[in-house]
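Me: I would like to take a close look at one part of this structure, the sheet and its surroundings. Please guide me through it in a connected account.

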Amino acid sequence: MDLASLTASELAQWLCRGEIGAEEVTRAFVARVKQYEPAVGAFLTFDPEKALEQAAEVDRRRREGKPVGPLAGLPVAIKDNICTTDWKTTCASKILANFRPPFDATVVCRLRAGDAVLVGKTNMDEFAMGGSTELSAFKVTRNPWDLSRVPGGSSGGAAAAVAAGMVPLSVGSDTGGSIRQPAALCGVTGLKPTYGRVSRFGLVAFASSLDQIGPLARTAEDVALLLEVLAGHDPLDATSANREVPPYRELIQQPLPTIRLGLLVDQLGEGVDTDVAQAIREAVKVFANLGVEVKEVRLLHHRLAVACYYIIATSEASSNLARYDGVHYGYRCDEHRMEEQLAEERRRWAEKGPSSVAEEPDPPMVRLYRKTRAEGFGAEVKRRIMLGTYALSAGYYEAYYLHAAKVRRLIREEYDRTFQEVSALIGPVTPTGAFAIGEKIQDPLAMYLFDAFTVGANLAGIAAVSIPCGQTREGLPVGLHLQGPPFAEPLLLQLAYWFQRETDWHRRRPTLPAPDKPAL
Amino acid sequence: MAITPEEVRKVAYLARLLLSEDEIAEMAAQLSRILEYMEILRGVDASHVEPMAHPLELTNVFREDRVAPSLPREEALKNAPKHDGECYLVPAVLGPA
């Protein structure tokens, strides 16, 4: 029996009935990681010893007849921008390469309280800025369906780990599609909960009005299982919603109500791979067979979403990332070399006047900040800090940031109006399947435009889920995007659950090449 | 909307980044291209729309003002690149003597 091929809900049942133990389950997944991690590269930290300790503790408690949590014995991986006291939290950035947080994020405390087996930290684009996980300062993660392609991003490690069967559950973060897009490209199920549904205390901030933590897993049922543990009010996060957490797993298995869905037809035309469009149209038929009415709709403001998003997200990022100063924590440049360089610049400035150096030498403290940040951040992070600083700077603030904030309201209002007519929206998550490693790395704008279908949900703060619904001619997974009003997680996951009862896309597994050497 | 190398230099200073001359040239070209794409927003009349800074539009969240344990100094300094056990250490703040 290949335990690593089971879903989290199936494993939970077996564990609950005592047919298998948590240690046995953990060992099966650890073996899988050891086997395929060299090819896939999903993890930045992998800690089998600590995982097995937690599993043994769960088994002991079960043997003694003590109560255990809903995730008892299930291995979970955590994206490396979520703070853990056990392991470094690097955000895949050189500037946090050695950062060991002094506290656990609230979601990590909740996972521990739910008796999850935490196995390690997954790779991502640096500071969650990117859509391919190529922008990690440490390693490239490969798509398990085709190792020459990206897994998507920024939660690329989280999605690849689930797709490769290395963990049944993982936790990511989504600022503009960073859970849904890699879930789509790796053929797994991923949810961006409503803004406020899950506490962000201990999530390293990228864009605070957009960031949200959420679950990735094989099935909607597994996502619901994990969401029940992650969601809930947290006094440590002032933006977390003080609202009851519904029993998602139970609710999603109820028969579908009589509802109408809106098909985003503008996302099936120009610029969208015909195989992707075809897979979405097939998905519409599945819903029609389930008795769901589907009507074509258009979101006219959606064409503005990418521009609006990249002004707002970079503005917030430029402010949030000001904290990396080489003083409080993280990387600091070589001070001695910095002082020498500065002395040399000052000497030239004094001797030959302003024309000898491009700008007046900084005071030492300012230069420490600038050199630390120049050396610690990667190119994309710098680009976004620059764009955001520009958009917020005197003379440009109104034209860029303020105007984008107004357009953001237009986008939200259009969603609100649309949700008067339809209960949820369906469309593709991405315009194409996974692209090749290196394909878009030289073209930041092309990378941004790949987010066209996902950023709207973050701007509006609504719930959205990605589920596997087909394959392209190259055999790459296609993701179906379901978006609903704030706190519509039960409906979205219910639609996903019934879709997955009728289809088997979520059950398909990539064929990973046999490793050259036996497991270490 | 083109952004000049001079503007890039100024923004890099505001952002506390240090860019080489090559990076400045590359950044000017890339940002210009991105800002040109942002022009898509220009055609939208949003003059009468209230800006939306946040999806929740909270006014304020209060809590009791109670003394509670906080991070011990040792823990707070643990990740600092340079400290003396009590304070963070930094270069001279007031510029060259």
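Which residue stands opposite Leu169(A) in β6(A)?

Reply: The model is a predicted one. In it, Leu169(A) stands opposite Ala217(A), a residue of β6(A). Leu169(A) belongs to strand β4 of chain A, residues 169–173, which is joined by five bridges to strand β6 of chain A, residues 213–217. These two strands run antiparallel.

The pair is part of an open sheet of eleven strands in chain A, with mixed pairing. Read across the sheet, the order is β1-β3-β2-β4-β6-β5-β10-β11-β9-β7-β8. At the edges stand β1 (43–46) and β8 (293–297) of chain A; each has a single partner strand, so one side of each is left without a neighbour in the sheet. On average, neighbouring strands of this sheet are turned by 25° against each other, direction ignored.

A helix also belongs to this picture. Helix α3 of chain A, residues 48–63, packs on the sheet and touches β1, β2 (75–79) and β3 (117–122) of chain A. The direction of α3 makes about 155° with that of β3(A).

Domain 1 of chain A contributes 27 residues to the contact, and domain 2 of chain A contributes 21 residues. On the side of domain 1 of chain A that touches domain 2 of chain A, α15(A) gives the most, with three residues. The residues of that side comprise 18 nonpolar, six polar and three charged.

Technical notes. Residues are numbered from 1 along each chain as its sequence is written. Chains are lettered from A and ligands numbered from 1 in the order in which they are written. This is a predicted model: local features need pLDDT of at least 70, side-chain atom pairs count only at pLDDT 80 or more; totals for chains, interfaces and linings use all residues. Two strands pair if DSSP finds at least two bridges between them. Helices (H or I, at least four residues) and strands (E, at least two) are DSSP runs, numbered from the N terminus. Axes are lines fitted to C-alpha atoms, for helices over the stretch in contact, and angles run from 0 to 180 degrees between N-to-C directions. Two residues are in contact if their C-beta atoms, placed from the backbone, lie within 7 Å. Ala, Val, Leu, Ile, Met, Phe, Trp, Tyr, Cys and Pro count as nonpolar, Asp, Glu, Lys and Arg as charged, and the others, Gly among them, as polar.
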